[in-house]
Amino acid sequence: MAKMWAGRFKKEADSRVNDFNSSISFDSRMYRQDITGSIAHATMLAARGIISEQDREQIVDGLTGILADLDSGALLFDPDAEDIHMFVEAELTARIGDAGKRLHTARSRNDQVALDIRLYLREQIDEVSALVKALGSTLCRMAREHTDTIMPGYTHLQRAQPITFAHHLMAYAGMLARDLGRLADAGKRMNLCPLGSGALAGTTYPIDREMTASLLQFDGPVLNSLDGVSDRDFCIELGSALAAIMMHLSRFSEEIILWCSWEFKFLELDDAFATGSSIMPQKKNPDVAELVRGKTGRVYGDLMTLLTMMKSLPLAYNKDMQEDKEAIFDAIDTVKLCLSTFRPMLATARVLKDNMRNAAAKGFINATDCADYLTKKGVPFRDAYKITGTLVGICVDRGLTLETLPLDQYKALSPVFEEDVYKAIDLTACAMTRSSLGGPAKEQVLEQIEAAEKVFGEE
């Protein structure tokens, strides 16, 4: 394919340069956006009298036909094309002749690619957001089923205080809600149209940038033409939001991996979302969760690629910026794959309630409630703390729990202990009486679920 810029050069580019320079292998996914942008550009050119109405009709009809043929597979991408923009323009010119050559009037590939990637990422934000909402809805549904399922809450990976599985799930719902907010913020700042910025300094043609922005459903045009072609903040911001999503999925994956181990045994994954060993017949491995955890580093790397690519670029466009697409495309693809696999893995897992409660019972996580029992009867907190710590030590030595320790052992350390201490340190009561805003008490968790369902919708 002849290069659109070949007039300036006396020699053909080395084949190795062509291969090195080409981006058709990855930017071809933006063909719909490229054609949509070109239709809007041609419409504006005709409205401003820059091209004729007849040219506009031919261009729009030609582009519409190319789009249909690409969608159906009747037209294949030319691997020798430099990029998707040159491929579409060359195909259009081959189909309609000179009118196709007029499409690029008052436009550069610099503002064209800046437009295409914004259009593409705007759609991808909607798709990723839908997957985040679906996972959030699953969390809400599962939480409603487990508002009474007692489990240990942890700090330092040590059993700390009793909570419910619903309470734990809703912590992740909060993370996902913030992720949705970050995606929406990135989309809002992204939604300005760079078309009309030209190569860097606009154009002498009487174009209407507000018209093209409106036709493409942007909030308005990018106000500075240099910024219009050289900005990739929107890629970086979206990459950061995607990295945060993966960080949250990775944290959850780490817990699922632990919970599936025999040491915890809080969850059992469905056979459809686990794998076995080639040599150990007893194994049931949480490979999906492990891969999500591993792929998090990949998305972090994509973000670092974008940041490093842009860190020292002078204005305006530089070829370095071609590297934006593979990085942000990979981040999007990876996040979508992880979300779409993680949700059914979690939704089909079996929650082992008894194991969760047994772990809570053996961890002395009601010790704080025992100390609170004493302070409510007038014992200074530091004294109550010491007495309770001594009781825990006695339980450890005798293989007992605070719930099974005889009352006379309690009274030996403080006369204020009465039979009602067992009610105060009951694990269910400990969780359900933590009714401060945001706590694990059932009524509080139900409020958290209702608030989250307004964000995610119901499953």
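Let's start at Pro-152. Beyond four places in sequence, Pro-152 touches Arg-159, Gln-161, Ile-163, Phe-266, Met-356, Ala-359, Ala-360 and Ile-365. Contact here means heavy atoms within 4.5 Å.

Ground rules, quickly. This is a predicted model, so local features need pLDDT of at least 70 and side-chain atom pairs count only at pLDDT 80 or more, while totals for chains, interfaces and linings use all residues. Residues are numbered from 1 along each chain as its sequence is written, and side-chain values use heavy atoms, with hydrogens and water left out.

Back to Pro-152. Pro-152 sits in strand β1. Helices (H or I, at least four residues) and strands (E, at least two) are DSSP runs, numbered from the N terminus. Pro-152 has a relative accessible area of 0%, so it is buried. The cut-offs: buried is under 20% relative accessible area, exposed is over 50%, and partly exposed is in between, with a 1.4 Å probe and protein chains only. Now look at Met-356. Pro-152 and Met-356 are 204 residues apart in sequence, yet 7.0 Å apart in space, C-alpha to C-alpha.

Met-356 takes us to helix α14, residues 353-362. Which residues of α14 are buried? They are Met-356, Ala-359 and Ala-360. Seen down the axis of α14, these fall within an arc of 100°, so they line one face of the helix. That arc is taken from the directions from the helix axis to the C-beta atoms. The face turned away from the buried side carries the exposed residues Asp-354 and Lys-362. What covers the buried residues? The cover includes β1 (150-155), β2 (158-164), α8 (165-190), β4 (350-351) and α19 (427-432). Just after α14, Phe-364 takes a positive phi of about 55°.

Next, the strands. β1 and β2 run antiparallel, joined by 6 bridges. Strands pair if DSSP finds at least two bridges between them. Gly-153 stands opposite Gln-161 in β2. The two strands form a hairpin, with 2 residues between them. His-156, in the turn, has a positive phi of about 55°. Leu-157 is in the loop between β1 and β2. Its phi is near 60°, a positive value in a residue other than glycine. Leu-157 counts as exposed, at 53% relative accessibility.

Here is another positive phi. Lys-265 has phi near 55°, and it too is a residue other than glycine. Lys-265 is found in the loop between α11 and β3 (267-268). Buried or exposed? Lys-265 is buried, with a relative accessible area of 18%.

On to helix packing. Two packed helices are described by the angle between their axes and the distance between the axes. Take α3 (residues 31-47) and α4 (residues 53-72). Their axes come within 9 Å and cross at roughly 170°. Axes are lines fitted to C-alpha atoms, for helices over the stretch in contact, and angles run from 0 to 180 degrees between N-to-C directions. α3 and α4 are therefore roughly antiparallel to each other. On that scale, under 35 degrees is roughly parallel, over 145 roughly antiparallel, 65 to 115 roughly perpendicular, and the rest oblique. From α3, the residues in the contact include Ile-35, Ile-39 and Ala-42; from α4, they include Ile-59, Leu-63 and Leu-67. By class, this contact has 11 nonpolar, 3 polar and 4 charged residues. Ala, Val, Leu, Ile, Met, Phe, Trp, Tyr, Cys and Pro count as nonpolar; Asp, Glu, Lys and Arg as charged; the others, Gly among them, as polar.

Now some single sites. Leu-238 lies in helix α11, residues 233-260. Leu-238 is buried, at a relative accessible area of 2%. Contacts of Leu-238 beyond four places in sequence include Leu-121, Ile-125, Leu-183 and Ile-332.

Val-229 is in helix α10, residues 225-230. At 0% relative accessibility, Val-229 counts as buried. Among its contacts outside four places in sequence are Asn-110, Leu-200, Ala-316 and Tyr-317.

Ala-316 deserves a stop. Where is it? Ala-316 is in the loop between α12 (287-310) and α13 (323-347). A cis peptide bond joins Leu-315 and Ala-316, with omega about 5°.

Last one: Thr-388, in helix α16, residues 381-398. Thr-388 counts as buried, at 3% relative accessibility. Setting aside residues up to four places away, Thr-388 touches Ala-367, Cys-370, Ala-371 and Leu-374.
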